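Subject: Structure handover

Hello,

Here is the structure I promised you. Please open it first, then read my notes beside it.

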Amino acid sequence: MNFKLFYLGYLTLLAFIAIASSKDDDSDDHGVLYPTHCEVCKYLSVELETRLEETGKSHEVIVTGYDSMNAAGNKKRKKYTTSELRLIESLEGICDKILEYNIHKERKDSTRFAKGMSQTFKTLHGLVDKEIGRAHV
């Protein structure tokens, strides 16, 4: 099976699952907008692409087939970079990577979901740290 076709099919399946499981209401009681279908697909593909770049540096060859004397000629060799194994290994930690994203409520575009602490929380933590520093003086 062609790796790129398999990759595209898998992304389509994940996007379909995200769309099918999303809520009809786009916000909760606190005014936080949930990610759109496009945003979910965007960050999923960003993380998968990052992971595929990490695993694509290997020049290993995978040997498949039976290891017996009679079937010695039936072994197939496949580059790791184009194997389904690479895709499966790349997908293993995707959910954990997606959970590292935080809402940056001060942003209005698709960058409102990003890794790291939002500017609002950085400011709040800075204020708390200043107050704690004053209390110890």
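A residue counts as exposed when its relative accessible area is over 50%, as buried when that area is under 20%, and as partly exposed in between. Cys-95 has a relative accessible area of 60%, so Cys-95 is exposed. Keep in mind that this is a predicted model.

**Overall layout**

The chain has five helices and four strands. Starting at the N terminus, their order is α-α-β-β-α-α-β-β-α. The chain has 137 residues, and 20% of them count as buried. Now take the contacts between residues at least 6 apart in sequence. Of these, 49% join residues at least 24 apart.

**The core**

Which residues make up the largest nonpolar core? There are six: Leu-44, Leu-48, Leu-52, Leu-87, Leu-91 and Ile-94. Two elements, α2 (37-55) and α3 (84-91), each give two or more residues to this core. The top contributor is α2, with three residues. As background, nonpolar side chains tend to be buried together in soluble globular proteins.

**A nonpolar patch outside**

Some nonpolar residues sit on the surface instead. Met-117, Phe-121, Leu-124 and Leu-127 form a patch there, and together they have about 380 Å² of accessible area. Look at Leu-127 in helix α5, which spans residues 119-135. Its relative accessible area is 47%. That value falls between 20% and 50%, so Leu-127 is partly exposed.

**Cysteines**

The closest cysteine sulfur to its own is in Cys-38, at 7.4 Å. The cut-off for a disulfide is 2.5 Å, so this pair is too far apart for a bond. Cys-41 is partly exposed, with a relative accessible area of 31%.

**A glycine in a loop**

Gly-93 is in the loop between α3 and α4 (94-98). Is Gly-93 buried or partly exposed? Gly-93 is partly exposed, because its relative accessible area of 28% lies between 20% and 50%. Also find Glu-47, which is 46 residues from Gly-93 along the chain. The C-alpha atoms of these two residues are 9.4 Å apart.

Best wishes

Definitions and conventions: Residues numbered from 1 in each chain as written. Predicted model: local features only at pLDDT ≥ 70, side-chain atom pairs only at ≥ 80, totals over all residues. Heavy atoms only, no water. Patch = residues over 30% accessible without salt bridge, like charges linked within 9 Å, V, L, I, M, F, W, Y side chains within 5 Å. Areas by Shrake-Rupley, 256 points an atom, 1.4 Å probe, with all protein chains shown as cover. Salt bridge = Lys/Arg side-chain N within 4 Å of Asp/Glu carboxyl O. Buried < 20%, exposed > 50% of the residue type's maximum accessible area, 1.4 Å probe, protein only. Core = buried A, V, L, I, M, F, W, Y, C linked by side-chain atoms within 4.5 Å. Contact = heavy atoms within 4.5 Å.
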